[in-house]
Amino acid sequence: MSDVVTYERDGDIVLIGLNRPDKRNAMNDAMLAGLDEAVRRAQDEAKAGVIFGHGAHFCAGLDLAEQAQYMRPDGPRRPRGRWHPTFDVIARGRVPFVSALQGACIGGGLELASATHVRVADETTFFALPEGKRGIFVGGGGSVRIQRLLGYARMADMMLTGRVLTARDGERVNLCQYVVPDGGGRARAAELARIIATNAPLTNWAICASLPRITDMSHEDGLFVEGLIGASVASQEGLERVLAFVEKRVDKVTRPTDAGEE
Ligand code: 1HE
């Protein structure tokens, strides 16, 4: 495993850590390769995963020092589209991922977070898309995934004006679904991943792999595919889970006691 990405198994979940804290976990080629290896390995070894950043920041985005080398007229050429396959494994693979965000969640870091299924931000988190300032463009699927979370108006505002959003702002506009106290992100993300890992794996797969595709389809096609997916996840395990409820062997859904947990 790469020395800039950590990989730790904890029961049914896996914890994958970006580990260049001195460079604010900026994504260079080595980190992307390590992340790719880790998320592919997780497909076979875990039922859910957490992606987090070591140190005070989640990820400062593309490594600009490395990028500068690629942008020099006489420098090496960076192959295009290398982030997409890795982020697609995260977003549409068999294993749901929860990201734990703190500090900077910028540019490619926000693209990575948007490829995960659930985002937990602590109070120190800030979100930005400074590509306009840097003279580059999103390249980790952000034009699709971040735009889908935020909508064009807000994404254009962040990219054009350099507007920086706090964790609470981010929650309001769907960049994260949870905001927790400073330092609490990783524990909460692991807790959520453990809950996710108890679901039926086929349904987890359907949620991750089919919902983002269905949202790209027409109404009619979406309903058709929904029917196909429903039939394809029906399994012996599903039957047992349904019977467990009918026979009162599992908890029912209960109303939350305190409204609006986080
Ligand atoms: C970096 C990077 C980086 C930090 N690439 N080295 N991303 C950005 O435009 C964000 C640029 N970074 C920042 O605005 C700040 O560094 C932070 C807000 C993230 C953190 O600030 P701070 O005061 O805690 O740290 P620092 O002193 O600025 O940085 C510490 C070191 O990390 C320093 O290196 P050093 O050798 O001088 O110690 C920084 O140079 C280094 N560092 N961020 C390279 N990003 C697929 S396309 C995606 C397009 C994008 O991602 S655009 C967004 C790029």
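The side chains of R148 and D216 form a salt bridge, with 2.4 Å from N to O; the term denotes a side-chain nitrogen of Lys or Arg within 4 Å of a carboxyl oxygen of Asp or Glu. The model is predicted, so that local features require pLDDT of at least 70 and side-chain atom pairs count only at pLDDT 80 or more, while totals for chains, interfaces and linings use all residues. Residues are numbered from 1 along each chain as its sequence is written, and side-chain values rest on heavy atoms, with hydrogens and water left out.

The chain comprises domain 1 (5–197) and domain 2 (201–246), with bounds taken from an automatic or database domain assignment. The centres of the two domains, taken over C-alpha atoms, are 27 Å apart. Nine residues of domain 1 and eight residues of domain 2 take part in the contact, which means heavy atoms within 4.5 Å.

Between them, domain 1 and domain 2 bury about 730 Å², of which 52% lies on carbon and sulfur atoms. Buried area is the accessible area (1.4 Å probe) that two parts lose on being put together, summed over both. Of the area that domain 1 buries against domain 2, R92, R94 and R148 supply 62%, more than any other three residues.

One salt bridge is found across this interface.

The ligand has 25 residues around it, of which K23, A60, L62, G108 and R134 come nearest; a residue counts as near if one of its heavy atoms lies within 4 Å. A polar backbone atom of A60 is 2.7 Å from a nitrogen atom of the ligand, and a backbone N or O atom of L64 lies 2.8 Å from a ligand nitrogen atom. At G108, a polar backbone atom is 2.7 Å from an oxygen atom of the ligand. On its own the ligand has 1000 Å² of accessible area, and the protein covers 65% of it; such areas come from the Shrake-Rupley method with a 1.4 Å probe.

Note on methods: A polar contact is a pair of N or O atoms within 3.5 Å; within protein, one must be able to donate a hydrogen and the other to accept it, and residues adjacent in sequence count only if both atoms are side-chain atoms.
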